[in-house]
Amino acid sequence: MRFPFFALHAARKNAKTVLQEIDLILAYSNDLMLPAARQSLEEQAKILRSCTRPWYARLLNACRNRILRRSSAPMSAEQIQNAAQIGRTALDAVLPDLPPRPNSFLFEIVETLVVAFGVAFAFRAYFFQPFKIPTGSMQPTLYGVHSQAFSGTPTFFDTHEPFATLQWLVNGRRYLDVVAPNNGSLAVHTDAQRAPGFAFLSVAGKSYKIPTDVLERGEIDLQQLLANHMADNPNAAVNTRRSVGDVRKGQRLWAGYVYAGDQVFVNRFLWNLRPPRRDEITVFATSSVSMNLGTAPANAGFVQKIPFFGIPLYLAAKPIQGLPPSQHYIKRLVGLPNETISIRPPFLCVNGKPVEGFPGIDRLTQLQPSETGPSYRGYCNTGDPGLPKGQNGQPFGILCTAEDAIRTADSYLPMGDNTRNSFDGRYWGPVPRLQMLGPAACVYWPISVRWGSIW
């Protein structure tokens with residue numbers, strides 16, 4: 001025995017399927033049909049549309065009929081099935097007379113891909129957007145491109161395909177062996193804007209791309225090039241090339257594992273519901289985009305003229321002073337609007353008082369210098385010993401000493417967790433609210449100890 005409700009549901013579902021097929025044929029082949037066939041399909045579509053109206057439309061129609069004192073009994077499951085069968089018969093009668101559509105399978109694939117990409121880009125723009133950590137400014141919370149020296153013999157899986165590629169796909173690790181192919185010179189090339197986190201070695205005419213932490217640790221004797229190196233600093237070493245010595249054929253300069261930077265999803269929707277909070281790891285844009293009529297702003301980092309019926313329109317990106325335009329940085333949010341931020345190492349201070357009770361900030365404050373790895377020492381000012389100096393040999397930035405402070409006004413102040421190697425708000429100041437994109441939600445690749453949620 002079949003219940004009436006389920007019979008009605010099955011009948012309406014079948015009628016809806018036939019209606020979708022008729023609508024598709026009318027949309028694609030309307031101009032190829034005979035007038036009589038087109039009129040027949042349109043009439044059947046109208047009948048089926050009345051059969052498949054949603055529940056609220058049927059309720060409104062019943063109320064309207066009651067008010068107008070019109071008698072109209074709802075269609076039964078059998079009547080809907082008959083209407084669907086008549087529609088299917090009319091559709092089958094029209095299809096043989098239509099010319100075959102060339103490459104119909106290819107068109108269906110293209111349509112599916114267009115819809116899929118549209119949904120993906122919409123999801124990326126409004127909900128979760130992927131970002132890559134390029135440098136070590138957020139260590140030890142998030143890692144950019146980094147390396148581990150290895151002096152032993154690499155395993156079979158490190159050097160043979162497809163195992164090396166599978167290893168990289170899972171944990172983002174690959175083995176690199178830098179050996180001079182011939183006698184010649186060794187040169188270094190860096191570009192902090194186009195390839196942050198990497199240095200390029202030219203060894204006797206062959207180029208290698210290695211993480212900059214190889215140089216920072218002194219594993220290749222190029223320390224003279226890193227006097228002012230700092231993660232994320234676009235002005236540290238841009239398009240510079242130096243010859244630093246001669247090499248012999250077969251000489252091994254460096255060997256080890258190169259790890260890809262952490263890939264994170266950023267929640268673009270959350271801050272539409274609430275304002276940003278202190279201690280969140282946040283992604284922000286380095287410049288604000290505006291549309292200008294008449295003339296382009298003189299201080300814009302990027303200007304694009306838009307032709308619009310002879311009207312002079314300019315799309316301009318105005319960067320934060322000291323930062324490149326149209327880039328994205330990731331830092332920890334430490335300062336909220338209308339606060340005074342200062343640093344009394346190792347403490348971060350807001351309105352003169354040390355910040356406590358925030359897991360991420362507290363963890364960084366309590367870190368001690370490492371004997372073997374990078375020196376994470378809580379928060380420090382830009383003028384503290386061991387930090388890069390300006391061209392005149394003096395500290396640069398805004399928070400140079402413990403007496404300096406930053407007033408955020410209606411903006412937000414971000415800082416890197418690795419403050420001894422981070423070009424952050426201490427150097428260039430706060431970020432306007434409109435340039436704040438969202439908090440980092442999770443690390444989705446590679447699979448490592450940091451995979452999963454972020455704090």
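Cys51 is buried, with a relative accessible area of 2%, and Cys380 is likewise counted as buried at 4% relative accessibility; buried denotes under 20% relative accessible area, exposed over 50%, and partly exposed the range in between, for a 1.4 Å probe and protein chains only. A disulfide is a covalent bond between the sulfur atoms of two cysteines. With a disulfide taken as a pair of cysteine sulfur atoms within 2.5 Å, the count comes to zero.

The model is predicted, so that local features require pLDDT of at least 70 and side-chain atom pairs pLDDT 80 or more, while totals for chains, interfaces and linings use all residues. Residues are numbered from 1 along each chain as its sequence is written, and side-chain values use heavy atoms, with hydrogens and water left out.

The chain contains 10 helices and 22 strands, where helices (H or I, at least four residues) and strands (E, at least two) are DSSP runs numbered from the N terminus. Of its 455 residues, 40% count as buried. The chain exposes about 26,000 Å², of which carbon and sulfur atoms supply 58%; accessible areas come from the Shrake-Rupley method with a 1.4 Å probe, and for residues only the protein chains shown count as cover.

The largest nonpolar core comprises 20 residues, and Leu176, Val178, Leu201, Val203, Ile210 and Ile220 have the most contacts inside it. Such a core is a set of buried Ala, Val, Leu, Ile, Met, Phe, Trp, Tyr and Cys residues joined through side-chain atoms within 4.5 Å. Strand β5 gives the most to this core, with four residues. A second, separate core of 19 residues includes Met33 and Leu98.

Four strands form an open antiparallel sheet in the order β17-β16-β15-β18. Strands β17 (353-354) and β18 (406-407) stand at its edges; each has a single partner strand, so one side of each lacks a neighbour in the sheet. Strands are paired if DSSP finds at least two bridges between them; β15 (340-344) and β16 (347-350) pair over four bridges, and Ser342 stands opposite Cys349 in β16.

Thr141 lies in the loop between β1 (128-132) and β2 (146-149) and is buried, at 9% relative accessible area. Its side chain makes polar contacts with the side chains of Arg332 (3.4 Å) and Arg363 (2.8 Å). A polar contact is a pair of N or O atoms within 3.5 Å; within protein, one must be able to donate a hydrogen and the other to accept it, and residues adjacent in sequence count only if both atoms are side-chain atoms.
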